[in-house]
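Okay, thanks for having me, everyone. I'd like to walk you through some helices today, so let's get the structure up on the screen.

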Amino acid sequence: MTEPITDPTSDPTSDPTTAPRPTASAARTDAEPLLALEEVGKRYRPGVLALDRVTLRVPPGRTTGLVGESGSGKSTLARLALGLLAPDGGTVRFDGHDPYRLRGRSGRAVRAGLQFVPQHPGRSLNPALRAGTAVALALAAHGTPRRERRDAVAALFCQVGLDPALARRYPRELSGGQLQRIAVARALATRPRLLVCDEPTSALDRRTQTQVLDLLVGLQAESGLGFLFISHDLAVVRELADRVTVLRQGRVVEEGATGELWDAPRHPYTRALLAAAHNAGTTPTT
Ligand code: ADP
Ligand code: MG
């Protein structure tokens with residue numbers, strides 16, 4: 001493999017006498033995704049395949065959506081991507097590294113680039129800690145010196161659209177939307193390149209959902225974050241994702257550019273999912 005050739009004239013700051021800098025934008029192309037699962041298999045118990053030869057990629061700064069019914073293997077894929085589980089077959093790579101082997105000191109810098117936004121931020125936050133302390137601990141783990149943490153917490157609160165005064169509150173004193181913003185702030189503390197979001201808005205009401213999605217879209221535009229965005233809610237995925245993978249019983253049934261998949265789904269299962277979502281969106285539910 002050779003380095004991709006970059007046109008020096010396209011970057012006014014580049015020095016044509018030196019080789020292209022190995023920055024994310026220069027060195028990475030679609031051929032080199034930020035997150036890549038290749039032919040990944042996972043079984044929890046003999047005979048039960050939670051994932052069967054699943055391939056999924058997230059290019060840097062882009063959003064890949066993962067949809068499928070409950071039990072189709074979405075959270076299992078999230079745990080594999082985050083290195084919380086090891087695959088039984090196939091490979092998982094984040095930035096060229098196996099996330100499962102990024103524990104310990106040497107992996108910390110790469111590991112910082114990969115963060116998680118959970119479905120239930122209320123459950124993942126320690127009820128005994130103030131919101132600001134939870135974020136400060138993430139900064140501490142990332143190596144931010146103590147004297148800088150207070151300002152860094154305030155800056156992160158602002159970045160996710162929260163009044164820094166809320167840092168003094170405990171989780172029980174915050175709304176669902178505020179808790180989810182704090183979960184995002186905590187994930188951002190390590191300056192990640194990829195957020196794995198597992199049903200991040202499923203526990204929120206529609207209005208709050210929209211606000212949190214707008215926040216994520218804004219963060220991507222600002223800082224080039226990539227997202228693996230997991231949801232059973234197709235309308236939400238359509239808003240955010242560049243490409244979508246449809247999972248059914250641990251297998252990929254369809255993958256494609258979001259618009260194309262919506263306009264011309266190839267697999268009957270995708271059509272059924274879209275039809276169900278369409279009915280849910282147009283039929284008043286009481
Ligand atoms: P989803 O997030 O799409 O609802 P999951 O990844 O949670 O799907 O689950 C996929 C399959 O794996 C399901 O059949 C589920 O029951 C099973 N499963 C998930 N986690 C475990 C576990 N820790 N032990 C055993 N089976 C599990
Ligand atoms: Mg799940």
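Predicted model: local features only at pLDDT ≥ 70, side-chain atom pairs only at ≥ 80, totals over all residues.

**A walk through some helices**

Now back up into H2 itself, which covers residues 74-81. Is this helix mostly covered or mostly open? It's mostly covered, with six of its eight residues buried. The buried ones are Lys74, Thr76, Leu77, Ala78, Leu80 and Ala81.

Okay, on to helix pairs. Two packed helices are described by the angle between their axes and the distance between the axes.

First up, H5, residues 131-142, and H7, residues 176-188. Their axes come within 8 Å and cross at roughly 20°. Angles under 35 degrees count as roughly parallel, so that's what we call H5 and H7. The crossing is right-handed. Who's touching whom? On H5 we've got Ala131, Ala134, Val135 and Ala138, and on H7 there's Ile182, Ala185 and Arg186. That contact splits into six nonpolar residues, no polar ones and one charged.

H7 also meets H8, residues 206-223. Here the axes come within 10 Å, again crossing at roughly 20°, and therefore H7 and H8 are roughly parallel too. This crossing is right-handed as well. H7 brings Gly177, Gln180, Arg181, Val184 and Leu188, while H8 brings Thr208, Gln211, Val212, Leu215, Leu216 and Leu219.

Methods
Residues numbered from 1 in each chain as written. Chains lettered and ligands numbered in written order. Heavy atoms only, no water. Axes fitted to C-alpha atoms, helices over the stretch in contact; angles between N-to-C directions. Helix = DSSP H or I, 4+ residues; strand = E, 2+ residues; numbered from the N terminus. Parallel < 35°, antiparallel > 145°, perpendicular 65-115°, else oblique. Left-handed = near helix turned anticlockwise from the far one by under 90°. Contact = heavy atoms within 4.5 Å. Nonpolar A, V, L, I, M, F, W, Y, C, P; charged D, E, K, R; others polar. Buried < 20%, exposed > 50% of the residue type's maximum accessible area, 1.4 Å probe, protein only.
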